[in-house]
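User: Hi! Could you walk me through this structure in plain words?
Analyst: Happy to, let's look at it together.

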Amino acid sequence: MNVLASRSHRTQLVITGLSACLVTSALFTAYDAYTKRKRRRSLDEQIRQSLADGLDAPVVESRNALKDEMFTEELFIRTASNGTYDEDLIREQFARNYAFFGEEGMAGVRGGSVVIVGCGGVGSWAAVMLVRSGVSKIRLVDFDYVTLSSLNRHATATLADVGTPKVVCIERTLRQISRWVDIDSRIEIWRKEDGGRLLEGADWVVDAIDNITTKVDLLKYCHGRNIRVFSSMGAGAKCDPTRIQISDISYTIYDPLARAVRRRLRSEGVTSGVPVVYSTEVPGDVKLLPLPEEEFEKGNVKELNAFDDFRVRILPVLGPLPSMFGLHIASYIICDLAKKPILNPLPIKNRRKLYERLLRDMLHRESKLLGKQINKLPIDEDDVFLIFEDLQLGRSVVPPHAVPSRPQLIRWDARKVLSLENCVVFEFSEAERHARECLSVRRDPREVWGDEVHAVVVRNAARIARYREWVGL
């Protein structure tokens, strides 16, 4: 009995000791947490007071915790903009870039100067990624202001920015990313008459302008003065990211804006030497957003333009596409500044020789059909790309629409003139049969190939009609 009582007493002592240890540990932990919070609050107050003392303007007491936090951050950004920075912290921020480019490459990036003309959906994303990658000097040029409709594609604009200049809201974000960046924001429109003033000291110029006349003027100005310039083509009415690519302006295969810019530059004596980002996607069934009828009743709608030649109506834009254009531009310029240039961008459709062969074979068939030698067809390589890649997806018009091993581009109906609407893709054996049973005897191809193939041809002709309307041909 005494033994049991002794063991029970020892057990109680052990339990009491453990409980005391746990209580003591909990008290120490709580006290440590309390002192840490107290020190953190004290340090926060000291920093806030120090920042406030360094400003000329008085600090207005915030109404709530959120506004107070935002105000403190704004004070920190504004006071730091004139300060010095710890190089170790800067290198830590760009650690991944240093690992990629090395010391020499990052020296080029950090020493680079970029001017972005046009700070909308494309230009804003280019600006953000250039600064995030280490570019320390950037000039933003745009006369436009943020609207509600800007928020679906702009990199930095928020509801609070509606009604403010686009360059201002971009500058604020850039300073939050890299406090040491040298930002020159200009609420102006670039004009060729005094274009040099805004482009002074630029290693690269980014053309993200919507207006085609100003765009061509800027590209010609830079090209003629050996200023490196990268141009964005049309991101509006596109949705397929796999069709985006970089190339010289002279190699743009398919894009309505690229084609128009290329032709205007050629008339100005500029045939190549301008890298661009563009999309080979055929514009879908989209149109400019209509103006209300009452606007037309007021008079000439072109007088509604903010500037001559700028769009009155708005093109539908899917937000991710402009951002991708801007990221393509930033990547290209960063690599060039780091002396690791992208020398030969890989085309999405690298089949130019195929298009040339299709044209040669078609020229031979047309000469044979007409009974005389012809030297030029009314379609070109861009048109071949449209028919072969976008309309027929590189497949025969005949079901089951197999990928032809020896594709042929041929006139569909011998009774009609050769045009985009009157061309189809066949396998070689199918093309031979079509030439023999339809073209040589001027027979209705629907009788040979049936209603299903005829329906495909009609559907493609309707798509081409929309394309002609889009491009203005």
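**Charges, rings and strands**

Analyst: Let's start with a charged pair: Arg 197 and Glu 188 join their side chains in a salt bridge, N to O at 2.8 Å. A salt bridge here is a side-chain nitrogen of Lys or Arg within 4 Å of a carboxyl oxygen of Asp or Glu. This is a predicted model, where local features need pLDDT of at least 70 and side-chain atom pairs count only at pLDDT 80 or more, while totals for chains, interfaces and linings use all residues. Residues are numbered from 1 along each chain as its sequence is written, and side-chain values use heavy atoms, with hydrogens and water left out.

User: Is Arg 197 buried, exposed or partly exposed?
Analyst: Arg 197 is partly exposed, with a relative accessible area of 38%. Glu 188 counts as partly exposed too, at 23% relative accessibility. Buried means under 20% relative accessible area, exposed over 50%, and partly exposed in between (1.4 Å probe, protein chains only).

User: Which residues are linked with them in a network of salt bridges?
Analyst: The network links Arg 139, Asp 184, Arg 186, Glu 188, Asp 194 and Arg 197.

User: And how many salt bridges does the count come to?
Analyst: The count comes to 23 salt bridges. Another one joins Glu 432 to Arg 365, with the closest N and O atoms 2.7 Å apart. That pair links distant parts of the chain, 67 residues apart: Glu 432 is in helix H14 (residues 428-439) and Arg 365 in helix H12. Helices (H or I, at least four residues) and strands (E, at least two) are DSSP runs, numbered from the N terminus.

User: Why does Arg 365 count as buried?
Analyst: Arg 365 counts as buried because its relative accessibility is 16%. Glu 432 is at 33%, so Glu 432 counts as partly exposed.

User: New topic: how many aromatic pairs are there?
Analyst: The count is 7 aromatic pairs. One of them is Trp 190 with Tyr 221: the ring centres are 5.6 Å apart and the planes are at 80°, so this pair is edge-to-face. The rule is that rings of Phe, Tyr and Trp (its six-membered ring) pair if their centres lie within 6.5 Å; planes under 30 degrees apart count as stacked, over 60 as edge-to-face and the rest as tilted.

User: Which rings form a cluster?
Analyst: Trp 204, Phe 230 and Tyr 332 are linked into a cluster by ring pairs.

User: Which strands pair with E4?
Analyst: Strand E1 (residues 113-117) pairs with E4 in the parallel sense over 4 bridges. Strand E5 (residues 229-232) also runs parallel to E4, joined by 3 bridges. Two strands pair if DSSP finds at least two bridges between them.

User: What stands opposite Val 205 and Asp 207?
Analyst: Val 115 stands opposite Val 205, and Ser 231 in E5 stands opposite Asp 207.
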